[in-house]
Amino acid sequence: DKFIKYLNEILSGFKQIVMDRRKGTEIKDKHIAAALDSTVALNKKALVSYLNNRVIGQLSFYVFIGLLLLFLGKMLHVPPVTIVSFVFTVLFVFGPIETTIVLLPGISQASASLKRLSSLEKDLTEVETEETEVKELLVFEELSMKEMTYSYASSEGGEKPFQVGPLNFRLERGSVIFICGGNGSGKTTFVNLLTGLYSSSSGAIFVNGKKENPQSPAYRNLFAPVFSDFHLFEECFGMPQADPVKVQEYLKLFELDTKVSFDNNKFTTVNLSAGQRKRLALISAMLEKKPVLVLDEFAADQDPQFRKKFYTDIIDYIIKEGFTIVAVTHDDHYFSCCDSIFKMDDGMLQVIGKESLLALQPALV
């Protein structure tokens, strides 16, 4: 049960793990490896019990053979030589044949399984070229996306595939950027390109004027995302021990201090409403202390009162904490709470100036 629980953690939270490999490594080392070791110990215990029973059974069988040798001849008036010859012939001929026949399928399966495991281990070793620990952290001041595109696979009907881009985007440290646009316009694809989850068809990303590989751990380590389909980890994997005082401050700010506590680098519960779970996911992202928070429809599940508090109070608090925000949102009433607005339309990204914001708001709904 424990193994399945944390295996589901990895499967459900694979996006966050791709962004920061340390999360997956800590889950594996702390929980999955322990569960596997426990399983091995239990299997050994079961096997020893099985072997003990088998030894007892075999011993009982030979005791029975001995009784036959001692009393059968007298009861049936069979010469002892005949009984001994018969018993030993059966023991020496039937035993090895039966053992060989019984063991052959198991030996064949074990051999095939061992070959597959060895092959899998070899493939994983060859593929695993990235190190879990990020040796060099990027110092983020400015990020630029230049002429970046992404094309989806063509449909069977031969229709032209949907393409996002070419995208040109600039993000400065300490800024608040809103991304708006209709459903299917390419907002989520843009977020996945920005965070390095998707490999672009063309274009490049520059950090502080230097070209970076978006799939590198150092680049992905710039972002702490809260995706629309986020997974909330119960423990703060992949990060050092969080400051309990700071966590309590965050919980109070997000109005969760009466429902959730923080102990031993984990939340006491994640069984909350959808909006509260998303708040807790943002707290967890802030605890990672990565420079850029990426929020995909964060306020969509929040009640009106907290939604207003998020845009008018919490965003300012987050910026003062040293973060930069890129948020996908449809809340046009709060567009004035950001520094810049970008609109996605049919895969194209265009900036909307603050001076024309009020005039354009109806068209953005």
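Trainee: What should I know about the model before starting?
Mentor: It is predicted, so local features need pLDDT of at least 70, side-chain atom pairs count only at pLDDT 80 or more, and totals for chains, interfaces and linings use all residues. Residues are numbered from 1 along each chain as its sequence is written, and side-chain values use heavy atoms, with hydrogens and water left out.

Trainee: OK, where does H9 bend?
Mentor: At Phe310, by about 45 degrees; the bend is the angle between axes fitted to the seven residues ending there and the seven starting there.

Trainee: Which residues of H9 are buried?
Mentor: Phe306, Phe310, Tyr311, Ile314, Ile315, Tyr317 and Ile318. Buried means under 20% relative accessible area with a 1.4 Å probe, protein chains only.

Trainee: Switching to rings: how many aromatic pairs are there in the whole structure?
Mentor: The search finds 15; ring centres of Phe, Tyr or Trp (its six-membered ring) must lie within 6.5 Å, and planes under 30 degrees apart count as stacked, over 60 as edge-to-face, the rest as tilted.

Trainee: Why is the pair of Phe178 and Tyr311 edge-to-face?
Mentor: Because the planes are at 75 degrees, with the centres 5.9 Å apart. Phe178 lies in strand E3 and Tyr311 in helix H9, so the pair ties together parts 133 residues apart in sequence.

Trainee: And which aromatic cluster has them?
Mentor: Phe178 and Tyr311 form one with Phe298, Phe310, Tyr334 and Phe335.

Methods. Helices (H or I, at least four residues) and strands (E, at least two) are DSSP runs, numbered from the N terminus. Buried means under 20% relative accessible area, exposed over 50%, partly exposed in between (1.4 Å probe, protein chains only).
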